[in-house]
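Reader: Happy to look at this one with you! Could you walk me through the terms as we go?

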Amino acid sequence: MTPLHATIRDSARHVRPHRWLDGDPSLTEVTDHVARPLNVAPGLGWWLCFATALAALATGVVCVSYEVATGIGTWGLNKTVGWAFDITNFVFWIGIGHAGTLISAILLLFRQRWRTSINRSAEAMTIFAVICAALFPLIHMGRPWLFFFVAPYPNFRGPLWVNFRSPLLWDVFAINTYLTISLVFWYVGMIPDFATLRDRATGIRKALYGIVSLGWNGSQRTWARYETLSTILAALATPLVISVHSIVSMDFAVSILPGWHTTLFPPYFVAGAVYSGFGMVLTLLILTRSLMHLETYITIRHLEAMAKVTLLTGSIVGLSYATEFFTAWFSGNLYEQATFYGRATGPYAWCFWTMVTCNAVAPQVLWLRRVRTSVAALFVLSILVNIGMWLERFVIIVTSLHHSYLPSTWVMYRPTIIEVGTLIGSFGLFFTCFLLFLRLLPMIAMWEIKADASVEAEEGDLAHA
Amino acid sequence: MRARVVFIVLALVFGVAASGAVAYQLSRVGVHQGYAPEQPIAFSHKLHAGDFQVPCLYCHFGARTSRHAGIPPLNVCMNCHSLLTAQTIEIEKLKEAVQRQQPIAWTKVHNLPDFVYFNHSQHVIGGVNCSACHGAVETMARVRQEMPLTMGWCLDCHRQRGPGLALARRAAGSHEGPNAPYPGLDCGKCHY
Amino acid sequence: MSTELKFWKSIEELQRHSASPDESGRDCFAGQRARTGPPPAPSRRDFLTLAGFSVAAAALTACSRGRVQKAIPFLNKPEELTPGVPTLYASTCGGCSAGCGLVVKTRDGRPIKIEGNDVSPLFGGSTCAVGQATVLSLYDDERLKHPLWRGKPASWEDVDARIEAHLREAIAARKRVVLLSRTILGPTTRRLIGEWTSRPGFEHVTYDPISFTALREATAASFGVDGLPHYRFARARTIVGIEADFLGTWLSPVEFARDYAAGRRLESTRAMSRHIQFESGVSLTGCNADTRVAIAPSERGLVALGLYSRIARKLGLADIPDVADRSMDPHALDAAADDLWRTRGESLVVSGADEVATQVIVHATNALLGGIGTTVDLDRPSLQRQGDDVAVARLIDDMARGHVDVLIVYGVNPAYDYPQPDRFVAAMRDVPLTISCSDRVDETAALAHAVCPDHHFLEAWGDAEPVASFFSLAQPTIAPLFDTRAAQDSLLKWLGRTPDFYEYLRAFWRETLYPLQSQYATFDEFWDHSLHDGVFTLPAQAAAEKRFGGDVGAAAAAIGRDQNRSAAEHHPDGYEVHLYEAVGQRDGAHANNPWLQELPDPVSKVTWGNYAAVAPSVASRLGVSSGDVVALDTGTGRIELPVCVQPGQSPRAISVALGYGRRRAGRVGGGVGANAYALVRLVAGMRRYSRTGVTIARTGRVDPLAATQTHHSMEGRTIVEETTLAAWLATSSAAHPGQAPHAEVPSLWAERPSGAHAWGMAIDLNSCNGCSACVTACQAENNVPVVGKDEVRRGREMHWMRIDRYYTGSEDDPGTLVQPMMCQHCNNAPCEPVCPVLATVHSSDGLNQQVYNRCIGTRYCENNCPYKVRRFNWFEYARNSSFDFNMNSALGAMTLNPDVAVRSRGVMEKCSLCVQRIQAGKLAAEQDGRPVADGDIKTACQQVCPADAIVFGDLSDPESHVSRLNRSERRYRVLEELGTRPNVSYLAKVRNA
Amino acid sequence: MRSEYLIATYAGPGALMTAVRALRAHGFKIYDVYAPCPVHGIDEAMGLRRSRLGYVTLAGGVLGLVSAIAFQFYAAVFDWTLNVGGKPDNSTLAFVPITFEITVLVGGLATAAAFFLRSGLFPGARPRLAGPRVTDDEFAIALRWRSSVFDAGEARRLLHEAGAIDVRQTVVDL
């Protein structure tokens with residue numbers, strides 16, 4: 001951090017027009033704007049969304065309870081297809097999570113200021129997505145009540161440890177680490193804002209904010225350490241986020257199943273994850289900015305920037321598809337070729353082609369600025385991206401499983417209503433959490449906006465000098 | 001300030017201790033070491049196996065040939081008691097049961113989970129003393145479970161006795177191969 | 001374990017309305033039984049022990065007196081029955097009328113497993129799937145628990161009194177009393193019935209649901225022999241089958257499968273018999289033929305005649321009848337005739353045809369080929385089917401006319417399986433007193449005035465003479481579970497004799513058989529040994545050589561007439577229907593046996609129900625595909641069935657399995673499939689299992705088949721390796737042309753030190769015929785649950801062992817390959833590294849172990865298994881009322897093997913190579929301080945296999961049988977290019993080109 | 001701690017920066033500066049030492065790394081070796097992912113913990129505010145009166161010159 005040479009200005013109340021803000025809010029206005037949702041009663045729009053989300057969540061709870069009480073047989077799985085919706089949803093949600101970490105950590109390291117308005121909600125999205133994701137490995141177990149067997153805890157069985165060679169165990173560690181670090185990162189980021197809210201609140205709210213703000217008083221000594229901490233956490237989260245989805249991809253890459261067993265998966269999955277994540281961020285923020293009237297902070301320029309990332313990652317994903325098929329053809333491996341031929345022409349071909357359309361073809365329109373700057377277009381596209389990325393995982397998992405080595409074992413997989421309900425439920429959980437977040441926590445990092453504002457002001461001065 | 005720090009440290013220490021205790025309790029779930037139920041007839045192993053030195057296998061004849069040591073049927077008891085003149089309330093109970101052709105529902109003391117296959121004869125042949133698992137029954141007025149009977153406990157024996165037994169068996173002209181893990185740690189020895 | 005507690009209660013109840021004290025035997029059992037209470041905290045195994053404990057003790061004490069007489073344990077006679085130690089009893093199978101010898105494994109007094117009796121000269125140590133499953137029928141909830149009078153529970157005294165009263169009147173009034181029974185294999189029972197029929201007005205009529213009358217009459221007409229020829233496939237170097245599924249269901253499949261495999265085994269010899277099959281439907285036998293020719297049922301006569309005339313020409317006989325065989329492909333017949341001729345003297349033609357004429361011609365052909373006395377044994381004929389269609393037809397007429405006063409139905413169910421059930425039912429209503437000895441209220445018993453339930457054969461004394469002078473004994477392996485009575489005892493009682501069939505049996509053996517042997521000095525010695533071995537064989541008597549005396553000309557003429565008639569009937573959209581016995585269900589008597597219902601058909605792989613098998617060309621013409629329900633209409637009968645598109649099916653014939661569509665079989669088998677007996681044709685009282693002029697129409701409904709295999713091509717992958725005999729003889733490694741026997745794929749890491757043993761298995765695909773007995777044996781041995789039709793449709797059958805079946809070549813004339821597939825116990829198992837909790841790891845002696853209690857059910861191992869042999873417990877099958885099969889019934893749970901855990905919901909399971917048997921074998925060896933010898937340990941699938949296709953053993957012993965097979969140049973391992981290093985290897989299939 | 005302070009508040013980081021520089025130039029010792037957001041460069045201006053949290057991260061990371069490797073190695077190679085798919089007991093490569101995750105986890109948590117301890121941030125801690133709006137839009141400088149006897153007039157002048165909204169001398173707990 002090179003010291004910025006600042007000249008004296010009598011007041012920061014007339015900050016220059018911002019690059020990443022529409023309008024010219026003063027520091028206290030920033031606080032006002034961000035704090036408003038926490039103080040005023042939510043509007044009809046929010047209530048509608050919340051009711052829908054709760055209904056979906058309830059559906060999920062019912063389905064999962066029934067499944068756990070009766071058996072995995074309530075799903076459509078069979079002797080050949082051992083995973084389908086469950087792990088598809090798992091990978092899907094984990095993927096969603098990645099955009100948040102990318103925005104908050106990687107873009108921080110790259111000093112991308114546009115992240116400031118969106119990183120808080122993106123991180124929130126990460127955490128909720130990871131929670132949704134972590135749910136599925138749990139409920140997909142035949143005996144979920146014995147989930148603790150995966151923990152290498154000392155026991156009276158020998159002691160019998162766990163199998164450190166199993167990608168599923170890697171998952172356990174990766175996801176827990178990811179969730180923990182993300183939570184810490186998120187919370188640390190919110191402390192100064194809690195302090196801000198504390199100092200303008202009264203009564204019980206003041207007490208609550210007092211507890212969570214840990215006695216923050218804006219001391220510059222703390223600020224200095226604080227920035228180091230965020231940088232370090234960002235530096236840790238960056239390889240972490242890459243490792244997490246690489247490990248998730250190893251669930252497949254480490255197996256011997258044609259269509260799963262490929263070294264391409266880690267980069268392919270990470271790109272896909274970021275891609276799907278940005279899809280979801282777009283969906284959320286486009287909704288939020290209108291729902292919460294935050295157009296000032298979440299500008300069309302933010303959306304455009306995200307659109308660019310989407311375009312990039314989407315193209316990587318498309319390239320990966322092509323590479324997979326090339327490898328299958330080039331390998332000369334009978335089973336590999338059969339699998340990929342089956343993907344494109346078999347009973348699940350419609351999934352495959354929808355996926356290709358949504359993930360590889362659709363984002364190409366983002367080359368056009370007009371599309372990148374059209375909220376409506378971006379919204380539609382973001383939905384397509386979500387659908388496509390869910391299908392991608394479904395295609396990878398199911399088409400590879402349902403036709404594997406011995407043709408005698410080939411069967412079809414058909415989801416049951418319970419599985420669909422569980423998927424809906426996970427969306428319910430996600431949106432319930434997110435809507436609550438919008439109302440209970442500062443969804444924009446005030447202190448970062450303020451910091452950028454002042455920095456930009458000074459940069460402005462430099463420009464003038 | 002300092003007080004706060006002290007408080008926090010204490011809280012942490014307490015938390016750790018408490019969770020440790022809980023963890024230990026959890027780990028004992030399903031472990032019935034020390035279980036000594038009352039029996040319909042106060043049969044004293046101390047008297048029979050201890051004082052009168054009736055060999056274990058006389059009553060629990062199954063242990064030699066079968067998975068199950070078995071609880072002796074009444075006629076085995078009567079082999080002696082029809083000759084003995086000694087009379088106690090307990091023996092009365094026994095004879096009454098014989099007359100009424102009534103089963104005596106003994107309470108099982110040593111219970112293994114369903115998913116464990118334990119074979120008495122395997123161990124008797126392997127030269128394991130009854131007391132290795134059942135403790136000094138001959139000193140017990142009422143039989144109690146002396147050992148934890150946990151998997152770890154089984155394995156300790158399998159690990160320790162392994163080499164020794166292997167040597168003993170080889171000396172006795174056993175036919176298991178030299179590198180035979182004996183008595184064996186394979187899961188499939190007990191779980192199927 | 002709640003099940004067991006429940007079960008125990010129910011037994012107590014059983015005891016309550018158990019027999020009267022005067023029946024000392026059962027009383028003794030009741031007394032003994034009552035001694036055991038459930039243990040306080042019963043774990044399944046311990047509980048069963050205690051349960052069996054006193055039952056065993058009972059069996060012991062009962063040996064001296066009472067119902068269960070001295071039952072001599074097989075092989076190892078324990079001086080005392082110890083709980084937890086299995087006891088083996090020799091017996092005879094009552095599953096069908098083949099009468100195979102059995103060894104019944106009882107555990108703590110309960111029969112839990114059935115094996116073949118390997119001292120039996122006919123059947124050896126193997127059984128069929130049905131035989132395996134009969135042990136489950138013993139514990140069938142639907143069995144009658146007491147006699148019935150007019151549908152209401154009654155006491156034996158009561159029922160006997162009424163029956164005896166009626167019989168007295170009947171005798172007084174010289175009215176007719178008819179005993180309608182199945183084929184009686186037991187000579188003692190035959191004598192008893194002889195006594196019975198010696199009474200004035202008393203008659204006996206034998207009825208086989210699947211009639212062999214045509215063959216019997218032809219044999220009588222041709223050779224003057226009363227019985228069926230005893231075919232000796234082992235002696236045949238050329239076998240021509242005409243619509244005879246002798247490996248699957250025909251007459252005596254276990255014996256034939258053994259002999260057939262013996263004639264084709266390529267271990268020591270390098271020659272094998274040639275087999276040509278002419279058939280309309282695709283049978284198990286047809287699949288194994290070197291050449292299979294699809295014909296219409298109506299052409300069977302032509303084929304027989306064609307062969308005869310060709311052979312006759314070669315012999316240069318005069319006046320050779322020739323019938324213009326229009327549609328027949330002459331080349332196939334020429335080739336077959338040439339082969340038969342080349343090996344004359346060692347050739348065999350068998351036919352399942354139901355026309356006397358055809359069978360006469362077949363006999364004639366065998367005679368020309370000099371097969372009489374070698375491949376066709378008429379000196380010691382088979383007595384396995386004695387039914388007389390004409391007599392049955394006459395009986396029904398008489399009943400209808402009211403000429404029959406008492407009808408006793410024993411072991412048959414004509415109200416279900418007679419071609420015109422309504423006629424029989426009506427006729428039965430006209431009989432003043434009808435008595436059924438059925439073990440359940442089946443279609444016939446439901447109409448009977450009195451039902452006097454027979455024992456299950458595992459509860460009863462008996463004997464059998466399936467083939468003349470080959471005797472076997474049947475002894476009780478458990479005290480009767482219910483208040484039932486052996487049918488023989490009933491007959492004795494109604495004859496006014498003391499109802500003690502055991503004494504009667506001993507008497508017969510003392511008087512009739514004991515004198516014929518010289519080996520044993522005293523009868524008791526003779527009896528004990530016979531009972532111990534289970535079988536007794538009389539030395540062959542020199543008999544006059546049988547000469548063919550049939551009228552070929554007449555037969556040929558008859559066939560010609562048949563031809564013209566069917567040709568006349570033939571119209572474009574009319575098909576012929578061909579009715580056959582299914583391997584699992586046979587004649588339908590075992591419909592309530594869930595193991596058999598869920599046993600996939602060896603060819604179509606369809607479970608739970610029958611179907612109309614149509615050729616692919618026909619299917620496309622009709623625009624139907626598998627699962628579309630069609631209506632078959634014969635004019636007289638009409639049934640609706642789902643279609644199964646069957647490659648190789650004759651385009652002119654539609655095959656339908658009999659034995660389904662039971663209405664009153666019980667909760668498992670009731671209403672499964674459709675009753676095809678309605679399509680059987682009656683011609684002058686003779687039953688014909690095929691007919692022409694059947695129309696087929698779509699109903700628009702869809703009823704998906706519950707098939708365990710839905711993809712039938714190997715997709716160009718080398719999964720089942722096949723070669724021709726010539727090629728194999730030419731190059732020593734013909735299974736893999738141009739390359740040496742498979743080289744081991746190099747492994748990335750060092751070999752792990754193996755323990756004392758390295759268990760492995762070798763499966764000879766050339767011997768395996770796919771009969772699926774192993775599937776049921778595995779199910780019985782390893783407590784494999786039954787999941788039901790819907791779950792099979794979802795692809796969730798639980799069989800640890802399956803038989804994959806692949807078609808090669810064209811749809812219309814495919815080659816068929818079968819491959820038993822179970823856990824391959826890979827040394828580098830893909831399933832193991834992916835399990836997060838170490839629930840599946842490798843044992844030191846080469847087993848891939850699955851630890852149920854550690855498994856948390858991620859199913860990752862299932863996904864990563866290239867052979868897809870792992871099975872997941874989708875539900876709590878043993879405690880879920882929607883799986884109301886054997887495991888959920890208190891009684892059915894008694895078949896559970898106490899040495900194998902019942903798996904809970906949410907855990908993975910798979911073939912363990914019968915680890916419980918391995919452990920038992922090792923323990924036995926230790927107990928007598930000797931090494932484990934090769935062959936000591938047999939897996940369930942190996943033990944049951946009639947073809948000895950499966951060999952288990954220690955790979956670390958270079959001299960073990962399995963090691964020797966592994967050195968064969970036909971040996972390969974499935975998907976070994978993946979480097980999984982399976983311990984199960986296969987020997988390539990060899991066919992005569 | 002509770003003491004008497006000279007507190008000047010500013011409306012923007014620029015003014016604050018000037019004030020800090022001026023005070024330091026005139027040898028005043030600044031007790032602390034309070035702001036709603038980090039003011040870039042002010043730590044140099046105040047002459048704060050660079051944070052050493054990085055070392056904690058390193059230590060934590062190393063700890064995690066070593067313990068993860070050690071434990072997996074102990075469990076899989078020493079304590080109970082099992083034949084898992086024929087893989088070697090010491091499947092080092094397979095141990096890498098978990099090792100990495102634990103390294104990151106311990107490193108991150110250690111850093112965060114160190115930060116909270118060092119900054120005295122914990123639930124229930126009482127915020128010591130230099131002004132009601134320093135967490136909103138005000139920037140404040142505090143000079144501790146007792147620590148160094150200094151020329152109050154001079155200080156006030158410098159603070160005002162830098163554009164202080166208000167300078168007050170109070171006794172507070174900072």
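Author: Gladly! In chain A, helix α2 (residues 44–70) packs against helix α14 (residues 417–440) at an angle of about 140°, and their axes are 6 Å apart. This is a predicted model, where local features need pLDDT of at least 70, side-chain atom pairs count only at pLDDT 80 or more, and totals for chains, interfaces and linings use all residues. Residues are numbered from 1 along each chain as its sequence is written, chains are lettered from A in the order in which they are written, and side-chain values use heavy atoms, without hydrogens and water.

Reader: Why are α2(A) and α14(A) called oblique to each other?

Author: Angles under 35 degrees count as roughly parallel, over 145 as roughly antiparallel, 65 to 115 as roughly perpendicular, and the rest as oblique. The angle here is about 140°, so the pair is oblique. The residues of this contact comprise 17 nonpolar, 7 polar and 2 charged.

Reader: What makes β22 and β24 of chain C a pair?

Author: Two strands pair if DSSP finds at least two bridges between them. Strands β22 (residues 612–614) and β24 (residues 638–645) of chain C have 3 bridges, in the parallel sense, so they meet that definition. Ala613(C) stands opposite Cys644(C) in β24(C).

Reader: How do you know whether His275(C) is buried or exposed?

Author: Buried means under 20% relative accessible area, exposed over 50%, and partly exposed in between (1.4 Å probe, protein chains only). His275(C) has 0%, so His275(C) is buried. This residue lies in strand β10 (residues 274–279) of chain C.

Technical notes:
Axes are lines fitted to C-alpha atoms, for helices over the stretch in contact, and angles run from 0 to 180 degrees between N-to-C directions. Helices (H or I, at least four residues) and strands (E, at least two) are DSSP runs, numbered from the N terminus. Ala, Val, Leu, Ile, Met, Phe, Trp, Tyr, Cys and Pro count as nonpolar, Asp, Glu, Lys and Arg as charged, and the others, Gly among them, as polar.
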